[in-house]
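Visitor: I am new to this structure and would welcome a guided introduction. Might we look at the model together before I put my questions?

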Amino acid sequence: MATLQIKRNELKYQMGFLEAISLQNELDVLLQRDKYSVNGDYLVRSLYFDSLNNIDFMEKAAGYERRKKVRIRVYSPEATDGKFEIKQKVGDYSHKKSLLVSASEMRQAMDGDYSFLLEKESGTALELYSLLTLGCYRPATIIEYQRTAFSYVENNVRITFDKNIKCSETDLDLLSDNLCYLPAIDDRVILEVKYNGTLLKAISDILRKYNLVQVSVSKYGVGRPIYTKYM
């Protein structure tokens, strides 16, 4: 069964578009773009699930140090498979568990049917099933954006730039090619720096030039504007 677990530090910043382009140009000299970013940015679309009382959203909004998110992620509306993920954070430390699911399984999950998870020989599948069913989780919002990513094999470094971040709380068909979106963050770029152990000095020296201020911004947190307005 295709499962993946990733544990690493994760730092987040917000930047202007021009700053982001300048930083990307510097990183192009030092790092390699990942295989999806060789020809420019690429689409990322995620369907987030939350409990009936929106516990994951509320814990993020309250600033809890220990929190989680549950989502299915695809890279195209025509995707034939996706990643069902639990992402847990404690401060700057993140732990992500991923399970590969088919398009038909994604549609079952969109309908609130998680029974297919019991058919998979995977601890992550069982954990997802227990969380989703006992917590009465259901689809909450779709977040979509364009990503440019850099990677470096030593210390598992991954640096991403996410722009044109938008959301849909009313149309929750992850595989639709015609979603109706609202802007979530339309004039800023979210920079994420992920690594194991210690960040390489050459990279930290470049980042330091931009006087970046660490933030706790969450795409899921800004992707619930309708709920936030009427909660």
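Visitor: Which side chain meets that of Lys194 in a salt bridge?

Guide: This is a predicted model, in which local features need pLDDT of at least 70 and side-chain atom pairs count only at pLDDT 80 or more, while totals for chains, interfaces and linings use all residues. Residues are numbered from 1 along each chain as its sequence is written, and side-chain values use heavy atoms, with hydrogens and water left out. A salt bridge requires a side-chain nitrogen of Lys or Arg within 4 Å of a carboxyl oxygen of Asp or Glu. At 3.1 Å, N to O, the partner of Lys194 is Glu192.

Visitor: Are Lys194 and Glu192 buried or exposed, and which residues make up the salt-bridge network that includes them?

Guide: Buried means under 20% relative accessible area, exposed over 50%, and partly exposed in between (1.4 Å probe, protein chains only). By that rule, both Lys194 and Glu192 are buried. Through salt bridges with shared partners, one network joins Arg147, Asp162, Glu192, Lys194 and Lys219.

Visitor: How many salt bridges does the structure hold?

Guide: One of them is formed by the side chains of Asp56 and Lys68 at 2.8 Å, N to O. The number of salt bridges in the structure is 21.

Visitor: How far apart in sequence are the parts tied together by Glu85 and Arg71?

Guide: The side chains of Glu85 and Arg71 form a salt bridge at 2.7 Å, N to O. Because Glu85 belongs to strand E5 and Arg71 to strand E4, the separation in sequence is 14 residues.

Visitor: Which residues of helix H3 are buried, and what arc do they cover?

Guide: Helix H3 spans residues 103-110, and its buried residues are Glu105, Met106, Ala109 and Met110. These residues lie on the same side of H3, because around the axis their arc is only 145°. The arc is taken over the directions from the helix axis to the C-beta atoms. In summary, the buried residues are Glu105, Met106, Ala109 and Met110, and their arc is 145°.

Visitor: Which residues touch the most other members of the largest nonpolar core?

Guide: A nonpolar core is a set of buried Ala, Val, Leu, Ile, Met, Phe, Trp, Tyr and Cys residues joined through side-chain atoms within 4.5 Å. The largest has 25 residues, and those touching the most other members are Phe49, Phe84, Met106, Leu117, Leu128 and Leu132.

Visitor: Where is Tyr64, and what separates its C-alpha atom from that of Ser104?

Guide: Tyr64 sits in the loop between H2 and E4. Its relative accessibility is 44%, so Tyr64 counts as partly exposed. Ser104 is 40 residues away along the chain, and the two C-alpha atoms are separated by 35 Å.

How values were computed:
Helix = DSSP H or I, 4+ residues; strand = E, 2+ residues; numbered from the N terminus.
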